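Here are some notes to read alongside the structure, written for someone meeting it for the first time. Take the points in order and keep the view open as you go.

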Amino acid sequence: MPTLNDYLILSAILFAIGTAGVFVRRNLITILLSIEIMLNAVNLSFVAFGRSLGTADGQIIVFFVMTVAAAEAAVGLAIVIGLFRHRESLNPDTFTSLKW
Amino acid sequence: MLLLIPAFPLVGFLLNASFGRRVSKGVAATIACAAMLMSFAVSVAAVARLVGLPADARAIAQTAFNWIESDTLKIDLTLLLDPLSSVMILVVTGIGSLIHVYSTAYMHDEADPEYARYFSYLNLFAAFMLVLVLGANFLVMFVGWEGVGLCSYLLIGFWYQKKSASDAGKKAFIVNRIGDWGFILGVLLVFVRFGTLDFQKVAGAASQLSPEATFGTLSIITLLLFIGATGKSAQIPLFVWLPDAMEGPTPVSALIHAATMVTAGVYMIGRNAVLFGHAPMTLTIVAIVGTATALIAGTIGLVQNDIKKVLAYSTVSQLGYMFLAMGVGAYAAGIFHLYTHAFFKALLFLGSGAVIHALSGEQDMRKMGGLKKDLPITYWTFVVGAIAIAGVPPFAGFFSKDEILFRTFASGHTVLWGVGLLTALLTAAYMFRLVFLTFHGSRSQSENHSNHDNLLHHSNDLNPSNHSHLHDAPLPMAIALIVLAVGSITAGWVGLGGRFEKFLEPSFGPPLSESRAGLQAGLAEGGVETTLMIVSVVVALAGIGIAAYFFLKNRAAADRMAERFSGVHRVLEHKYYLDEIYDAAIVQPIQIVSEDGLWKGVDIGVIDRTVNGVGQAVSGTSEVLRLFHTGSVRAYAASVFLGAVLVLGYYLWR
Amino acid sequence: MTLFYLFAAVAVIASLLVIAQRNPIYSVLLLIASFGALSGLYVMLDAPFVAVTQIIVYAGAIMVLFLFVVMLLHAPAEETEHDERVHPLRRPGPMWFGAVLAAALVVELLWALTRAGGGTGAFPAAEVISVRAIGQALFTDYAFQFEVTSILILVAMVGAVILAKREAAKP
């Protein structure tokens, strides 16, 4: 039977993958996808912890996380669309006006 | 009532300083003279009241307010009238009033605002001087001490547009300051040693001690106080400011640098007679310094050509006599000489002022002569003053100078007595040299000739006026001259029979040694006193005779003497090169240290560099740090992430 | 157990491919696969409600939204970066940095796990948490948070509409 540690290790790996994606990719949408990966990893660990404690709290937190993730994805994509209209590019390196 | 005495001149100062420039000369003069005369009247009344008290309780004190009240230090603004200060206030207010009256005519050529400024300064000086002599503790005296120094600076540099005058004012103030440094240290030590600054309390505490055989605390205290006195009263080594102070108007020279301010040092020693009496080593130093100063100043005065400079060196010399008197313990004699000297020195200065006024600013004696018939009042009053200073009886100077010489001899300082006698010879000689050169003979220049400093308005004293001033002194000046002349004759008579000394006795504490009084009585009875008296008179007449030979009868002989001893003559003429020595030894090093060392080295090099350096460091750092703002969001996110990883690692490490 | 490893493997591989793909559409679809695997894991953890919500909300709504945007922006037409064919650790600047940091993060988290200990035992026996239980908790204990979340969604909706609006034509 999988133990709590197993789930936590899996969550850690997924989280690291998501973080790596944020830095490695040069496409704004892929970056947002990586953020979703991270959120999911966290969801997994919440549910695992909730299960190990035997309460419903873990799942409820996940419920809220999902809601927030949805809202964040919506707003984030709206911003991406706005940015795309300005520079015709999805590369974050083109948006460097706030330079020294 | 005591507070009124300095208050009147102070009010006069305030009025003239505030409104003087808007009123006419007559009003300004009236305010000033009235202030002084009222102060004189109150002084006379106060002294009359004092005399009415029994001899051993002759002290009136009046406290204005409680000034400083901290843990151990309690000082009140208290004025004390006792025999010593009564003499001083009469001198200051009496002669001060005469000089104020004199000045109304002397300064008449000034512009209205300047006239009022002059009188405001003069009144302020009188107020401070009265505070000085009436102060009941060291601190009040010091207020007056500093105040008269300030007024001296203001008045010496009265014609400040002239560089030599403003330089002289600065010199006076700075040299005085050096003396004041010693004075302040002395006062601090007094407080440390006795816990109080009140004169009477200090005297009471000191009289319980026995005189110091070695150089102990009291000797240090008194030596420091004496350093202050050398500054204020122009003794060696700090007398260099007094001849330069002749740049000021002549009445100022008369009042401040002859009669009153320069006597502050003598008064201070008299005030602390008990303290000084318990420090015999310092007293010896005082006597030696006084005698040396008297001799050196006398020799310099012998060859000066400016009439006021001769009188200035004469003042230094006579002050030396006063310090000699203090140094041998004859405090009353010193104050007596102070009192008589005030009369005839003020007279001599005012007389020279009349001469300068008549000659439209000429001060070089070599260009004078033959004024005897043109300025009769001036001439005769001047002669009275000269005889008085030479020490011929029954004029005033004889009594006081003879008393000093007798006391010096009686206390065993025979060498000092001899030097004092020699200086008396010199005094008579240079004073009558001045009289003969100025008033006798024929004038080698025409009228209206003033060749000094035509560039500026005030050539030494006055405008080069277009009309001849060659008339005798105008009425206000003449009044002052005549009154002072009468005083120069009669002032000495109060000392007859030892009345003056007995009057001052309560101020100086009990006589230190009964044996000395006995010695003096013994000598007096033995006819020694009379012998010494005759010796001094002979010396004085000899001096007059020498001057008469060289400057009345045979002026060429004087020039030949000057050529024969030209080296000596030059040294004397340049005042022993003392100013040059001071400049090279003290002033230049200080200037170099200040300019190259402290200014360029420390201020610019270190401080500015540090402050600017800090600014540049910040600027440089920010130049580097701003490169972090790449504008790349991913870089920012990376740094956030890095921070998170590091923080996590830190917590795991712990 | 094998089921766990299966789902875990699918999730990890799918996520890796998400960040490795050049074409965003492939990334989105692979992410949906990853979500599916995660949903299976949730079922294994006796959390059917979360599992189903994951599929419905995440995979069904959010990913569809992503797809819409990707299509809208014609994103597939672009992105032929040379760097993306190179191994992450050999790319320049923030990329390299991020990769290294991600690895460091994994190490740290594992280290934290080993230090904290615990959790090595099997899950305690408990009943499956029903929808009814979640609903009750949600509307009583967490009622305030629930309402706030609804406001949050409202704000997000308004914000998204405004941010994505085309600029009004000049009159």
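This is a predicted model: local features need pLDDT of at least 70, side-chain atom pairs count only at pLDDT 80 or more; totals for chains, interfaces and linings use all residues.

**Notes on the helices, cores and contacts**

1. Which residues bring the two helices together? From H3(B) come B:Leu84, B:Val87, B:Val91, B:Ile95, B:Ile99, B:Tyr102 and B:Tyr106, and they meet B:Ile335, B:Tyr339, B:Ala342, B:Ala346, B:Leu350, B:Gly353 and B:His357 of H15(B). By class, this contact of H3(B) with H15(B) has 12 nonpolar residues, two polar and no charged. As a reminder when you look at such lists, an α-helix has 3.6 residues a turn, so residues three or four places apart point the same way.

2. Next, the nonpolar cores. The largest has 205 residues, and B:Phe125, B:Ala346 and B:Leu350 are those with the most contacts inside it. Helix H15 of chain B, residues 331-358, gives the most to this core, with 19 residues. Another core lies apart from it and has 75 residues, among them A:Leu10, C:Ile19, C:Ala47 and C:Ala156.

3. B:Ala346 deserves a moment of your time. Which residues does B:Ala346 contact once its neighbours within four places in sequence are left aside? They are B:Ile95, B:Ile99, B:Ala254, B:Ala258, B:Ala259 and B:Leu484. Of these, B:Ile95 and B:Ile99 belong to H3(B).

4. Now step back to chain B as a whole. Its secondary structure comes to 26 helices and two strands. Chain B has 654 residues, and 50% of them are buried. Among the contacts in chain B between residues at least 6 apart in sequence, 80% join residues at least 24 apart.

5. How many helices and strands does chain A have? There are three helices and zero strands, and the elements run α-α-α from the N terminus on. Chain A has 100 residues, of which 58% are buried. Of the contacts in chain A with a separation of 6 or more, 46% are between residues 24 or more positions apart.

6. Chain A meets chain C through 59 residues of chain A and 71 residues of chain C. On the chain A side, the elements that give two or more residues are helix H1 (4-24), helix H2 (28-53) and helix H3 (57-87). H3(A) supplies the largest share, 21 residues. By class, this side of chain A has 41 nonpolar, 13 polar and five charged residues.

7. Finally, look at where chain C touches chain B. Each chain is listed with its own count: 10 residues from chain C and 10 residues from chain B. The chain C side has seven nonpolar, one polar and two charged residues.

Notes. Residues are numbered from 1 along each chain as its sequence is written. Chains are lettered from A and ligands numbered from 1 in the order in which they are written. Helices (H or I, at least four residues) and strands (E, at least two) are DSSP runs, numbered from the N terminus. A residue is buried if 20 or more other C-beta atoms lie within 10 Å of its own, exposed if 12 or fewer, and partly exposed in between; C-beta atoms are placed from the backbone. Two residues are in contact if their C-beta atoms, placed from the backbone, lie within 7 Å. Ala, Val, Leu, Ile, Met, Phe, Trp, Tyr, Cys and Pro count as nonpolar, Asp, Glu, Lys and Arg as charged, and the others, Gly among them, as polar. A nonpolar core is a set of buried Ala, Val, Leu, Ile, Met, Phe, Trp, Tyr and Cys residues joined through C-beta atoms within 7 Å.
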